Amino acid sequence: MIFLIPLLIIIGVIFGIDHLYFSNENNKIESKKEVKQEINSSLIDERSKYIEKLFNSKSKQ
């Protein structure tokens, strides 16, 4: 029973370090996703404008 206490402490420290390290990595990934979503939304806007322009030019002819 005495041997379990240090084992539990070591496991807790390992998970604590793991959580601190990967929480920072998750923040970096989320910021990259936000930038990518902004780029995608601008591309969607440009694509819709282009398609609208194509249909307008075809309907005028």
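The protein has one helix and zero strands; these are DSSP runs, with at least four residues of H or I for a helix and at least two of E for a strand. The model is predicted: local features need pLDDT of at least 70 and side-chain atom pairs 80 or more, while totals for chains, interfaces and linings use all residues. Residues are numbered from 1 along each chain as its sequence is written, and side-chain values use heavy atoms, without hydrogens and water.

**Overall form**
- The C-alpha trace spans about 90 × 15 × 5 Å along its principal axes.

**Surface and charge**
- Of the 61 residues, 0% count as buried, meaning under 20% relative accessible area; exposed is over 50%, and partly exposed lies in between (1.4 Å probe, protein chains only).
- Carbon and sulfur atoms hold 65% of an accessible surface of about 6200 Å², by the Shrake-Rupley method with a 1.4 Å probe.
- There are 9 positive and 8 negative side chains, with the centres of the two sets 11 Å apart. Lys and Arg count as positive, Asp and Glu as negative, and His and the chain ends are left out; the charge is placed at NZ of Lys, CZ of Arg, CG of Asp or CD of Glu.

**Aromatic pair**
- A search of the whole structure gives one aromatic pair.
- The ring centres of Y21 and F22 are 5.0 Å apart and the planes are at 80°, so the pair is edge-to-face. Rings of Phe, Tyr and Trp (its six-membered ring) pair with centres within 6.5 Å; planes under 30 degrees apart are stacked, over 60 edge-to-face, and the rest tilted.
- Y21 is partly exposed at 48% relative accessibility, and F22 is partly exposed at 42%.
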